[in-house]
Structures are given as structure tokens and as C-alpha cells.
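Thanks for asking me to look this one over.

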Amino acid sequence: MAAIATVLVASACSSSSSSGGDSKPATLSKDGKGKTVTVWLMDDAQKGWPTVVDAAKKQFESETGATLNIQWQTWTNYTTKLDTALLSGNAPDAIEVGNTQTAKYIDAGSFVDLTGVKSQFDNSDKWLDSLAASGQNADGSKTYAVPYYAGARVLIYRKDLFAAAGVTTPPTTLDELKADLTKVKAANASTPGFSALYLPGQNWYTAASFGAGSFGVKNVVAQKSGAKWTGTLTDPKFIDGVKTWDDLQKNFSVGGTTTDEATQDALMAKGNIGAIVGAGWELGSVIDPKTGDPKLADKLATIALPGTAAGSPTPAFLGGSDLAVPSKAANPGLGATFLQIYTNTQQQTELAKFAIPNNKTLTAAYKAAKPENKAAGDAAEGSTWFIPNSPMWSGADETALKTAFGAIAAGGDPATELKKVQDTVIGDLNG
């Protein structure tokens with residue numbers, strides 16, 4: 001994988017990050033008679049929403065005359081397989097890719113430019129902000145990947161512990177959350193190691209969310225200005241938001257300063273945590289018989305993490321998947337047409353029964369599907385943010401951010417620690 005990744009990054013560095021390298025503009029084709037169109041999708045769909053895939057397959061084959069060959073993939077070692085296919089000239093006609101993985105392929109010219117046909121995709125003017133941003137080039141002028149579905153972080157809390165502390169209605173603002181947590185903390189003062197709100201110091205995604213409110217979707221951590229990236233971590237408003245997070249973690253969490261969120265579901269299942277900030281699906285992990293405690297099933301609830309004002313949640317980092325057409329696909333026009341059909345209003349409405357759809361028009365359908373969906377739906381509809389959309393962003397930058405926020409949690413000055421990590425990240429982004 002290292003050799004393949006090196007080739008991709010080298011290609012990215014030699015191309016224009018604002019143009020997507022040598023990407024070809026897309027066309028939409030329905031001339032598929034006698035052709036087989038190959039699509040790579042993650043088995044999440046096979047397990048979670050096969051009816052969506054079946055309906056799209058039926059419509060695609062009926063309208064194009066082509067045969068659709070869905071090849072199911074798993075996330076394990078997927079980028080290795082994808083890198084090989086993209087470089088070999090034997091690429092599928094359409095693929096799914098994680099939204100944090102998309103940037104390097106865009107910059108390397110590995111995806112077809114969908115900008116010219118974007119308006120022909122249903123609800124493209126209402127795509128979820130952060131999910132749409134992940135499929136664009138760094139300056140947002142071109143679209144290379146189509147949003148598929150999303151996941152948003154929410155507040156997962158023990159409604160029984162809150163009620164026992166006298167809190168019977170969910171908080172709607174950060175001030176109300178702090179007041180409620182104060183009551184929950186006091187009511188559980190005799191429980192060893194109790195966290196009213198578990199906020200481990202190195203969970204940088206949550207920490208950064210508190211500072212994200214004053215920035216656009218793509219401008220948290222860094223923003224692109226011409227050919228250069230500049231940092232936003234040292235903006236006074238961002239620092240003020242981080243101080244709010246720091247106050248919460250120091251007052252209500254015993255999560256430590258050298259750990260992240262990886263074990264928080266299992267820890268919450270043990271019973272000495274009042275609330276966590278996690279992806280909506282983590283509630284299921286907390287109550288899973290193998291990983292958690294099913295007896296907590298009727299004691300948990302979720303809400304969008306409150307913000308400074310009621311009705312305006314703290315911005316959530318939006319994860320999820322994108323869909324793209326490889327530049328070296330044998331049938332790029334048919335691949336683009338499959339994506340158009342697979343993400344149309346009909347299919348996304350059905351998908352909304354199982355996951356957050358790709359647009360704000362249909363998040364209401366997701367929230368109506370199950371009561372527990374409301375929190376993640378509210379978070380996705382609100383302000384969201386995304387990592388710098390650059391092929392130069394790497395795991396090393398995330399490690400540096402974890403270290404910085406851990407240092408703040410340990411008592412370090414926020415402005416000083418954020419200046420240090422900003423210098424590191426911007427140095428990486430600018431090469």
C-alpha cells in the first residue's frame with residue numbers, strides 16, 4: 001500500500017489542487033445495451049438497506065439496457081484495493097469511498113469531474129454541507145464526488161441518572177447543559193470515578209466542535225486562500241469555544257488527558273458515566289450484549305449537542321460516504337447515471353429509514369423513521385464541519401491535534417497549544 005499511496009500522492013502534488021488534476025468532465029449516458037457496469041459498494045448497504053440497492057439496480061437496468069454488477073466491499077484494506085484498481089486502468093465504473101478519504105483521489109485526478117452534471121442530481125442544492133464539501137476540491141469550485149449518506153455525533157445520555165438528579169427535560173443550550181451536569185455530578189458524588197459528561201482529552205473531534213461555530217463548513221482547523229492554507233485554530237473565537245470544552249471536561253469528566261473516545265461506549269456501559277458525545281450508532285454499542293449492557297436500553301436518550309442558543313446545536317463533525325466515478329472507468333457516463341439514480345429522491349427517501357440521507361430536504365424522513373433518529377438528524381441539519389480537504393492531510397495531523405487537546409486538558413494554555421499544532425498542520429498542508 002505504501003508504494004501505491006506514494007504514487008497517488010506524487011500525482012496529487014504534480015496536479016492542481018483547484019482543478020482535480022487531469023480529471024475529465026462527466027457526461028450522463030443511458031446507452032448501455034450489451035454493456036456490464038461494475039459498481040463497488042460497501043456491504044453496509046447490503047446489510048442495512050438492500051431494498052435501496054435493488055430498486056436502483058432495477059431502474060438503472062430498465063433505463064439503460066446495461067447489466068449492473070454490484071461488487072460488495074468491506075472497509076478493511078479497501079483503500080489498498082481501490083488504489084490498485086485506480087492505477088491499473090481496470091477501475092470500476094462507480095465506487096463508494098469514505099468522505100475523509102476522498103481528497104487525495106480528487107487531487108490526483110482519479111475521479112471524473114461531476115460539476116457540469118451536478119444540477120441533474122436530485123436535491124444537489126440541498127446536500128448536507130459537510131458531506132458536499134468532502135466531494136469538492138479545496139476551494140469548493142468543482143464537485144468530484146456525490147454525497148451518499150452521513151453520520152453525526154450527538155449527546156448520548158443516561159436519562160435515568162439525569163432524572164434522579166432532578167433533570168427531567170433535555171438541555172437546549174450549553175448553559176442549561178452545564179447546569180444539568182452540575183446536578184448530575186452532585187447526585188453521583190459518592191460513585192468512584194463518575195463522569196457526568198465523559199470528555200477524554202484527546203477526543204479532538206468533539207473539542208474542535210466547540211470552536212467551530214464561527215467558521216464555515218470547510219474552514220475549521222485551516223482554510224484555503226489561493227494556493228496556500230492558513231490556520232484558524234488560533235482565531236480568538238475558536239479559542240473561546242475550546243475554553244468552553246476545556247471547562248466542561250475539567251469540571252465534569254474523569255476521561256483523562258491521554259485517551260480518546262475509542263473506549264467510551266464500553267465505559268458508559270459499566271454505569272459510571274452520565275453522558276458521552278458520540279456517533280448516533282454508539283448508543284447501540286453501549287447496549288450491545290457483547291460490548292455493553294442491554295439493561296441500559298430503556299435508560300438512554302440522545303439529543304443534538306446543545307449550542308450557545310436554543311435551536312442551534314454545537315456544530316457536529318459529519319462523517320459518512322461519498323460516491324464517485326473513476327477517471328479510468330470503462331463506462332464513466334453509465335457510472336455517473338447509476339449514481340444519479342442511486343441518490344435520487346426515491347432511493348434516498350427509502351435510505352432515510354436506515355441512515356441519514358445526503359440532503360437536508362429528506363432529513364425529516366430520517367427523523368420520522370425512529371424516535372432515536374431525531375438527535376442525529378437535528379445535528380446533520382445544523383451547522384456541521386469537515387477536516388481540511390487536502391491530500392496533504394494525514395493521520396499525523398490528527399495525532400498532533402490529539403496531543404494538543406490532551407495538553408490543554410492537562411492544564412496547558414489553549415492559545416499556546418493551539419498555536420503549536422497550527423504551525424505543524426499548516427506546514428503539512430502547504431508541503
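The points below take the helix pairs, then the pocket, then the cavity.

1. A word on the source before anything else: this is a predicted model. Please read every value that follows with that in mind.

2. Let's begin with helix H3 (residues 50–64) and helix H13 (residues 332–342), whose axes lie 9 Å apart and pack at an angle of about 135 degrees. That angle makes H3 oblique to H13, because angles count as roughly antiparallel over 145 and as roughly perpendicular from 65 to 115. The crossing of H3 with H13 is right-handed.

3. Who touches whom in this pair? On the H3 side the contact is made by Val52, Val53, Ala56, Gln59, Phe60, Glu63 and Thr64, and on the H13 side by Leu334, Thr337, Phe338, Ile341 and Tyr342. Sorted by class, the contact of H3 with H13 has eight nonpolar residues, three polar and one charged.

4. Next comes helix H17 (residues 395–409), which packs with helix H10 (residues 236–252) at about 60 degrees, the two axes being 10 Å apart. H10 is therefore oblique to H17, and their crossing is right-handed. H10 brings Phe238, Val242, Trp245, Asp246, Gln249 and Lys250 to the contact, while H17 brings Phe405, Ile408 and Ala409. Six of these residues are nonpolar, one is polar and two are charged.

5. H17 also packs with helix H9 (residues 204–211): their axes come within 9 Å and cross at roughly 75 degrees. This angle makes H9 roughly perpendicular to H17. Here Trp204, Tyr205, Ala207 and Ala208 of H9 meet Glu398, Leu401, Lys402 and Phe405 of H17. The contact of H9 with H17 has six nonpolar and two charged residues, with no polar ones.

6. Now for the empty space. Rolling a probe the size of a water molecule over the atoms shows where such space is left. The largest pocket holds about 1,300 Å³. Its lining counts 49 residues, and those nearest the centre of the pocket are Gly151, Ala279, Trp281, Gly319 and Gly320.

7. Which elements each supply at least two residues of that lining? They are helix H5 (102–107), strand E4 (146–158), helix H12 (282–287), strand E9 (316–324), helix H16 (374–381) and H17. E4 gives the most, with six residues. By class, the lining of the largest pocket divides into 24 nonpolar, 16 polar and nine charged residues.

8. How many cavities of 30 Å³ or more does a search of the whole structure find? The search finds one. The largest cavity has a volume of about 60 Å³, and its lining is made up of Arg153, Thr206, Ser209, Val277, Leu305, Thr314, Pro315 and Ala316. Four of these lining residues are nonpolar, three are polar and one is charged.

Key: Residues are numbered from 1 along each chain as its sequence is written. This is a predicted model: local features need pLDDT of at least 70, side-chain atom pairs count only at pLDDT 80 or more; totals for chains, interfaces and linings use all residues. Side-chain values use heavy atoms; hydrogens and water are left out. Axes are lines fitted to C-alpha atoms, for helices over the stretch in contact, and angles run from 0 to 180 degrees between N-to-C directions. Helices (H or I, at least four residues) and strands (E, at least two) are DSSP runs, numbered from the N terminus. Angles under 35 degrees count as roughly parallel, over 145 as roughly antiparallel, 65 to 115 as roughly perpendicular and the rest as oblique. A crossing is left-handed if the near helix is turned anticlockwise from the far one by less than a right angle, and right-handed if clockwise. Contact means heavy atoms within 4.5 Å. Ala, Val, Leu, Ile, Met, Phe, Trp, Tyr, Cys and Pro count as nonpolar, Asp, Glu, Lys and Arg as charged, and the others, Gly among them, as polar. On a 1 Å grid over the protein atoms alone, a cavity is a set of points where a 1.4 Å probe fits but cannot get out, and a pocket is an open set with protein on both sides within 12 Å along at least five of seven lines; lining residues have an atom within 4 Å of a point. Grid points are joined across faces, edges and corners, and a volume is the space filled by probe spheres set on the points.
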